[in-house]
Amino acid sequence: MTDNVRADVESLSPETAPGTVFDRYAAEGVLAYQSCGDCRQAVFPPRVLCPSCGSDDLGWEPSAGRGTVYSATVIAPRGKEPYTVALIDLDEGFRMMSIVTAGDDGAVAIDDPVTVSFRLAGDEPPLPVFAVEADR
Amino acid sequence: MSAAERSLRGRAAIVGVAESSLGEVGPGISSLDLIGQATVRALADAGLSKSDVDGLFTHSAFFAQPVLTTAEYLGIRPRFADGTATGGSSFVGHLWHAAAAIEAGLCEVALIVYGSTQRSHGGGLVASGAALTRSWETPYAPRIPASAYALAAARHMREFGTTREQLAEVAVAARQWAKLNPAAFVQDDMTVDDVLSSRMVSSPLTVRDCCLVTDGGGAVIVTSAERARNLPRPPAYILGAGEATWHMNISQMPDLTTTAAQESGRRAYEIAGFGPQDIDVVELYDAFTINPILFLEDLGFCAKGEGGAFVSDGAIAPGGSLPVNTNGGGLSYCHPGMYGILLVIEAVRQLRGEAGDRQVARHSLALAHGNGGTLSSQVTAILGDESTL
């Protein structure tokens with residue numbers, strides 16, 4: 001595991017770069033986020049300073065990968081399968097955009113509970129995507 | 001709010017405005033040609049010469065360094081240049097920056113200008129900047145900008161019971177205003193049902209909930225209030241403005257139902273010494289139908305969550321209780337990628353009383369509100385005639 005990577009701005013390197021560390025966790029099937037050592041703010045997308053308090057004491061934490069749909073929109077390109085793009089509020093307190101696949105009723109609704117999985121495509125880093133939980 | 005910022009109230013005025021050719025200008029005409037056309041027209045309106053211009057304010061997605069490219073084409077060597085790039089709101093921001101620069105003696109005559117041939121270029125939006133920085137949204141293929149505004153609309157519907165019919169009312173009101181504006185790109189009849197039954201772009205927004213994709217441009221000339229009084233057109237005084245930006249990406253917007261217009265509007269009202277109840281005519285950046293609903297709430301024309309009800313039953317259409325987007329807006333008049341310059345131009349024409357069939361009855365005080373990015377940048381300006389000083 002890549003846990004306990006802490007890097008202040010002076011030790012920024014290709015190995016400790018926030019996006020790189022996120023991808024290393026993703027390769028292990030973990031949705032990681034940063035947590036501010038000073039103000040405890042959950043931080044996403046990854047960066048080198050806390051957008052809340054300005055501290056560069058950011059540590060990595062694994063998310064449980066569970067959250068709820070904050071908002072959602074269905075996009076139906078001509079000649080292709082429709083898909084749902086949503087904003088997910090993770091239980092740890094950060095928000096991210098993702099794709100959500102629906103439950104048995106076929107729809108994604110605001111406030112639906114969702115769980116992460118990782119989609120693999122070619123040489124791209126594993127991509128966190130979500131599915132509506134059957135019951136929670 | 002500093003005393004210095006407060007003291008800018010009414011110190012500068014808009015003395016010339018003009019649109020370039022609008023709609024679909026056809027192949028061979030460049031965005032720079034539209035910038036030149038608008039500049040010539042606006043200077044003529046102001047009774048000034050190009051040699052009077054010593055401040056240049058512009059932004060564009062067509063050039064990497066918009067100020068440099070524009071200055072070269074126009075043959076202007078500005079002693080003050082401002083390329084503030086906050087998307088479509090940039091040009092409302094430029095207004096306030098010009099007022100500050102003029103007051104500080106950094107320039108005397110400011111040209112704010114924009115031109116775009118995005119429609120003739122293939123009908124797609126021209127995006128600013130190269131994607132050299134990783135996006136945490138692009139891998140999920142949202143249709144930006146439409147999906148960002150769709151997410152805001154969906155959340156507003158969930159929290160406040162706003163309906164698709166109410167969103168459609170915004171588009172229908174814009175169309176009714178457009179029918180009074182000979183320069184509007186689309187003028188055919190449109191009903192709420194027409195909007196609802198149109199092709200869905202990104203739910204809950206159909207193509208009729210989305211702005212036009214047109215060519216177009218415009219220019220605005222700003223100078224000191226003293227100099228403005230010796231020029232031919234009635235000055236539109238810049239009474240106050242506020243700029244606010246809280247995020248760039250829609251996934252980072254703190255609350256999808258409250259925009260930074262709440263902050264920009266509060267500051268603009270405070271400087272101007274007026275409130276929403278005083279405003280005669282309102283020009284809001286309507287890239288999507290959810291925008292005017294959010295901005296009417298955040299700018300204090302109704303309470304949070306009541307925007308949908310507020311726009312219903314023709315309330316913002318011609319003859320309604322509040323004239324909003326009197327040129328037909330980005331939804332039915334013109335939306336050349338960035339719309340901000342055009343809402344300033346319409347506000348000035350209304351203040352002067354020269355808006356023809358769409359002229360509102362009371363026209364001393366106008367509010368022009370620009371939006372940029374994905375509900376990201378919000379800039380509010382309050383303009384008034386001589387009686388409001």
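**Before you start**

The model is predicted, and local features need pLDDT of at least 70, side-chain atom pairs count only at pLDDT 80 or more, while totals for chains, interfaces and linings use all residues. Residues are numbered from 1 along each chain as its sequence is written, chains are lettered from A and ligands numbered from 1 in the order in which they are written, and side-chain values use heavy atoms, with hydrogens and water left out.

**Stop 1: chain A as a whole**

You will find 1 helix and 8 strands, where helices (H or I, at least four residues) and strands (E, at least two) are DSSP runs numbered from the N terminus. Along the sequence the order is α-β-β-β-β-β-β-β-β. The C-alpha trace of chain A spans about 50 × 35 × 25 Å along its principal axes.

**Stop 2: the cavities**

Rolling a probe the size of a water molecule over the atoms shows where empty space is left. A cavity here is a set of points, on a 1 Å grid over the protein atoms alone, where a 1.4 Å probe fits but cannot get out; lining residues have an atom within 4 Å of a point. Grid points are joined across faces, edges and corners, and a volume is the space filled by probe spheres set on the points. The structure holds 3 cavities of 30 Å³ or more.

Select Ala7(A), Thr16(A), Pro18(A), Gln34(A) and Arg47(A): of the 13 residues lining the largest cavity, these lie nearest its centre. The volume of this largest cavity is about 100 Å³. Its lining has 8 nonpolar, 2 polar and 3 charged residues, counting Ala, Val, Leu, Ile, Met, Phe, Trp, Tyr, Cys and Pro as nonpolar, Asp, Glu, Lys and Arg as charged, and the others, Gly among them, as polar.

**Stop 3**

Select residues 146–160 and 290–298 of chain B, which are helices α5 and α10; they pack at an angle of about 60 degrees with their axes 10 Å apart. Axes are lines fitted to C-alpha atoms, for helices over the stretch in contact, and angles run from 0 to 180 degrees between N-to-C directions. α5(B) and α10(B) are therefore oblique to each other; angles under 35 degrees count as roughly parallel, over 145 as roughly antiparallel, 65 to 115 as roughly perpendicular and the rest as oblique.

**Stop 3: backbone details**

Most residues other than glycine have a negative phi, and most peptide bonds are trans. Zoom in on Phe44(A) and Pro45(A), whose peptide bond is cis with omega near -5 degrees. Pro45(A) sits in the loop between β2 (42–43) and β3 (58–62) of chain A. In chain B, the bond from Ile144(B) to Pro145(B) is also cis, with omega near 15 degrees; look for Pro145(B) in the loop between β4 (109–116) and α5.

Finish at Asp313(B), which is not a glycine but has a positive phi of about 60 degrees. Asp313(B) is in the loop between α11 (307–310) and α12 (329–332) of chain B.

Terms used:
On a 1 Å grid over the protein atoms alone, a cavity is a set of points where a 1.4 Å probe fits but cannot get out, and a pocket is an open set with protein on both sides within 12 Å along at least five of seven lines; lining residues have an atom within 4 Å of a point.
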